[in-house]
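Student: I have a structure open and would like to go through it step by step. Could we start with the overall layout and then look at single residues?

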Amino acid sequence: GREGEGEGRCRGGGERKWKGEGRRTRGSVLAYNVGTGKTTFMHRLVCHMQASANMRGYVLNLDPAVMTLPFGANIDIRDTVRYKEVMKEYGLGPNGG
């Protein structure tokens, strides 16, 4: 993650070891329109997983234009994609970039 992002913003709980060997793996992808609360929802979900003794998560940020994340991401597309360069090269707006 990026410095200063995702640190100490979840209330309660802490990092706990996962005791879920042999349990099912679940995954979610969240995609929706701009301004609908995707980041807020993901923040709450990450906090919930961190506070739960039997849940663990692997978080990916696939939004290259998000300025800051209130949670840490294991993989952050902003580390490899410069959305302003993509916008300029292909003549796109911020949502297309």
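**Overall layout**

Tutor: This is a predicted model. The protein contains 2 helices and 2 strands.

Student: In what pattern do they follow one another along the sequence?

Tutor: Reading along the sequence gives α-β-β-α.

Student: And what share of the residues is buried?

Tutor: Of the 97 residues in the protein, 20% are buried. The protein exposes about 7,900 Å², and carbon and sulfur atoms supply 50% of that area.

Student: What share of the contacts links residues 24 or more positions apart?

Tutor: Among contacts with a separation of 6 or more, residues 24 or more positions apart account for 48%.

Student: Let us turn to the helix α1. How many residues does it have, and how far does it reach?

Tutor: Helix α1 covers residues 38-51, which is 14 residues. From its first C-alpha to its last it reaches 20 Å, close to the 20 Å expected at 1.5 Å a residue.

Student: Which of its residues are buried?

Tutor: In α1, the buried residues are His43, Val46, Cys47 and Met49. Viewed down the axis of α1, its buried residues fall within an arc of 160°, so they line one face of the helix.

Student: Why do residues three or four places apart point the same way in an α-helix?

Tutor: An α-helix has 3.6 residues a turn, so residues three or four places apart point the same way.

Student: Back to His43. Why does it count as buried?

Tutor: The relative accessibility of His43 is 16%, and buried means under 20%, so His43 falls in that class.

Student: What is the separation between the C-alpha atoms of His43 and Pro70?

Tutor: Those two C-alpha atoms are separated by 6.2 Å, although His43 and Pro70 are 27 residues apart along the chain.

Student: What about Lys38: where is it found?

Tutor: Lys38 is also part of helix α1. Its relative accessible area is 24%, so Lys38 is partly exposed. Leaving aside neighbours within four places in sequence, Lys38 is in contact with Leu30, Ala31, Tyr32 and Asn33.

Student: New topic, then. How many salt bridges does the structure hold?

Tutor: The structure holds 1 salt bridge. The side chains of Arg78 and Asp76 meet in it, at 2.6 Å from N to O.

Student: Are those two residues buried or exposed?

Tutor: Both Arg78 and Asp76 are buried.

Student: And the surface? Which residues make a nonpolar patch there?

Tutor: Tyr58, Leu60, Leu62 and Ile75 make a nonpolar surface patch of about 460 Å². Ile75 has its place in strand β2, residues 75-76. With a relative accessible area of 43%, Ile75 is partly exposed.

Student: One more residue, please: where is Ile77?

Tutor: Ile77 lies in the loop between β2 and α2, the latter being residues 83-90. At 22% relative accessibility, Ile77 counts as partly exposed.

Student: Which residues does Ile77 touch, apart from those up to four places away in sequence?

Tutor: Ile77 touches Asn61, Leu62, Asp63 and Pro64. Ile77 and Leu62 are 15 residues apart along the chain, and their C-alpha atoms are separated by 5.3 Å.

How values were computed. Residues are numbered from 1 along each chain as its sequence is written. This is a predicted model: local features need pLDDT of at least 70, side-chain atom pairs count only at pLDDT 80 or more; totals for chains, interfaces and linings use all residues. Side-chain values use heavy atoms; hydrogens and water are left out. Helices (H or I, at least four residues) and strands (E, at least two) are DSSP runs, numbered from the N terminus. The expected span of a helix is 1.5 Å times one less than its number of residues. Buried means under 20% relative accessible area, exposed over 50%, partly exposed in between (1.4 Å probe, protein chains only). The arc is that of the directions from the helix axis to the C-beta atoms. A salt bridge is a side-chain nitrogen of Lys or Arg within 4 Å of a carboxyl oxygen of Asp or Glu. Contact means heavy atoms within 4.5 Å. Accessible areas come from the Shrake-Rupley method with a 1.4 Å probe; for residues, only the protein chains shown count as cover. Patches are made of residues with over 30% relative accessible area and no salt bridge: like charges are joined within 9 Å, nonpolar side chains (Val, Leu, Ile, Met, Phe, Trp, Tyr) within 5 Å.
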